[in-house]
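Dear colleague,

Please find below the sequence and structure that I am handing over to you. My notes on the packing of the helices follow, and I would be grateful if you would read them beside the coordinates.

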Amino acid sequence: MDWFFQVEDISEWLEGFGIWAIIISLLLNIVISILGIVPSLFLSGANAVVFGLIPGFMISLAGEVLGAGISFWLYRWGFGRMRGIRQESWHWLQQLNQSSRRRRMILLFIARLTPFLPSGVI
């Protein structure tokens, strides 16, 4: 069985947009980040094929940064609205927020090194 996402298929699809392919790629990265369940590895590979290694990396990096920022804002806004909902269920998150900055940085670093883990989960 073939994997659902094929870099070649995404590359061909992305090339079909011509000059708009960069904008489409950035928007796709933002959507992938917001969904939080799909790894962006396949889109990054397609960007490298379509735009070249260095430009593709820069486009992927820009999309990841934009997507992470927008996702962070949306998640923060959404969790802020859920304050009245069972605070006990978010106890682990409160403990994480109260841990030292160094510990949070180490946990984030380890999570980012985990392959195929969508950034929304992190």
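**Contacts between α2 and α3**

In α2, the residues A21, I22, S25, L28, N29 and I32 meet L43, N47 and F51 of α3, where contact means heavy atoms within 4.5 Å. By class, this contact of α2 with α3 has six nonpolar, three polar and no charged residues. Here Ala, Val, Leu, Ile, Met, Phe, Trp, Tyr, Cys and Pro count as nonpolar, Asp, Glu, Lys and Arg as charged, and the others, Gly among them, as polar.

Please note that this is a predicted model, in which local features need pLDDT of at least 70 and side-chain atom pairs count only at pLDDT 80 or more, while totals for chains, interfaces and linings use all residues. Residues are numbered from 1 along each chain as its sequence is written, and side-chain values use heavy atoms, with hydrogens and water left out.

The axes of α2 and α3 come within 11 Å and cross at roughly 170°; axes are lines fitted to C-alpha atoms, for helices over the stretch in contact, with angles from 0 to 180 degrees between N-to-C directions. The two helices are therefore roughly antiparallel to each other (angles under 35 degrees count as roughly parallel, over 145 as roughly antiparallel, 65 to 115 as roughly perpendicular and the rest as oblique).

**The chain as a whole**

The chain has six helices and zero strands, these being DSSP runs numbered from the N terminus (helices are H or I, at least four residues; strands are E, at least two). Of its 122 residues, 24% count as buried (buried means under 20% relative accessible area, exposed over 50%, partly exposed in between, with a 1.4 Å probe and protein chains only). Among contacts in the chain with a separation of 6 or more, 65% are between residues 24 or more positions apart.

**Helix α1 against α3**

The axes of α1 (residues 7–15) and α3 (residues 41–51) come within 8 Å and cross at roughly 55°. That angle makes α1 oblique to α3. In this contact, V7, I10, S11, L14 and E15 of α1 meet F42, L43, G45, A46, N47, V49, V50 and F51 of α3. The residues involved divide into nine nonpolar, three polar and one charged.

Which residues of α1 are buried? They are I10, S11 and L14. These cover an arc of only 100° around the axis, which puts them on the same side of α1; the arc is that of the directions from the helix axis to the C-beta atoms. Their cover includes α2 (21–35) and α3. The face of α1 turned away from this buried side carries the exposed residues E8 and E12. S11 has 3% relative accessibility and so counts as buried. Leaving aside neighbours within four places in sequence, S11 is in contact with A46, V49 and V50.

The buried residues of α3 are F42, L43, A46, N47 and F51. They cover an arc of only 140° around the axis, which puts them on the same side of α3. A48, also placed in α3, counts as partly exposed at 27% relative accessibility. Not counting residues up to four places away in sequence, A48 touches L53 and G56. After α3 comes G52, whose phi is positive, near 100°.

With kind regards
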